[in-house]
Amino acid sequence: MAIQIRKTGLQIETTLIEGGKAAAVPLKLFSAFAVVKNPWAGRGFVEDLKPEIHAGAPLLGELLTKMIIDAVGSGDAVEAYGKAAVVGLDGEIEHASALIHTLRFGNFYRHAVGAKSYLAFCNTRGPANAPIMIPLMDKDDEGRRSHYLTIQTSIPDAPAADEIVVALGASVGGRPHHRIGDRYQDLKDLGQDVANPAGV
């Protein structure tokens, strides 16, 4: 079953002042979304989700990645990245997860930006205008806290009960005036091994 896309959108947010102080370099956040018909809605409990994942996830990964890269200007310019999905009230959380937690979706974005770290993610269920939360992390360094960011947006008419919103996010820059250090200094201060932060 081919994925049915009802609408797409792109949002760009630029932060010039944070905490009452001008940012030395403005933070730019980009998000791209597609509102799609939930291919499993109205079919009861579907045991095998793979056919629809294989049909829809690559198309969405390619489309949303292109939207982000075109807006940012290049994959190299992307510093932090993430993904999210919100399934409508007639769907399962598993349906939201299915379209974004597959290499058939995420690898388009990873390869386009040359990333080394995993894609931060959020998958939720909600009505139209539900918050779409896209967590971000540095594409090369999971411990770089300056790039722990979250894009929050919403779509007034989506997701409908039988829809899924699928989204990608990116940052150019980190939080203005970031000053909490990174996780490596914490590990050093605590005497823990950077290669084994959980101590297991």
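Predicted model: local features only at pLDDT ≥ 70, side-chain atom pairs only at ≥ 80, totals over all residues.
Residues are numbered from 1 along each chain as its sequence is written, and side-chain values use heavy atoms, with hydrogens and water left out.

**Figure 1. Overview of the protein.** Four helices and seven strands make up the secondary structure, in the sequence order β-β-α-β-α-α-β-β-β-β-α. Helices (H or I, at least four residues) and strands (E, at least two) are DSSP runs, numbered from the N terminus. The C-alpha trace spans about 55 × 40 × 30 Å along its principal axes. Of the 200 residues, 46% are buried (buried means under 20% relative accessible area, exposed over 50%, partly exposed in between, with a 1.4 Å probe and protein chains only). Among contacts between residues at least 6 apart in sequence, 76% join residues at least 24 apart; contact means heavy atoms within 4.5 Å.

**Figure 2. Charges of the protein.** The mean positions of the 20 positive and 23 negative charges are 3 Å apart. Lys and Arg count as positive and Asp and Glu as negative, while His and the chain ends are not counted. The place of a charge is taken as NZ of Lys, CZ of Arg, CG of Asp or CD of Glu.

Figure 3. Ala80 belongs to β3, residues 80–87. Because its relative accessibility is 0%, Ala80 counts as buried. Not counting residues up to four places away in sequence, Ala80 touches Leu136, Met137, Asp138, Lys139, His147, Gly169, Ala170 and Ser171. Ser146 is 66 residues from Ala80 along the chain, and their C-alpha atoms are separated by 9.8 Å.

Figure 4. Helix α1, residues 50–72, includes Leu59. This residue has 40% relative accessibility, so Leu59 counts as partly exposed. Its contacts, not counting residues up to four places away in sequence, are with Ile3 and Ile5. Between Leu59 and Ile3, 56 residues apart along the chain, the C-alpha separation is 8.1 Å.

Figure 5. Most residues other than glycine have a negative phi, and most peptide bonds are trans. Asn129, in the loop between β4 (120–125) and β5 (132–138), has a positive phi near 70°. With 42% relative accessibility, Asn129 counts as partly exposed. His177, in the loop between β7 and α4 (183–190), also has a positive phi, near 60°. The relative accessible area of His177 is 23%, so the residue is partly exposed. In the loop between β6 (149–153) and β7 (163–172) lies Pro159. A cis peptide bond, with omega about 0°, joins Ala158 and Pro159.
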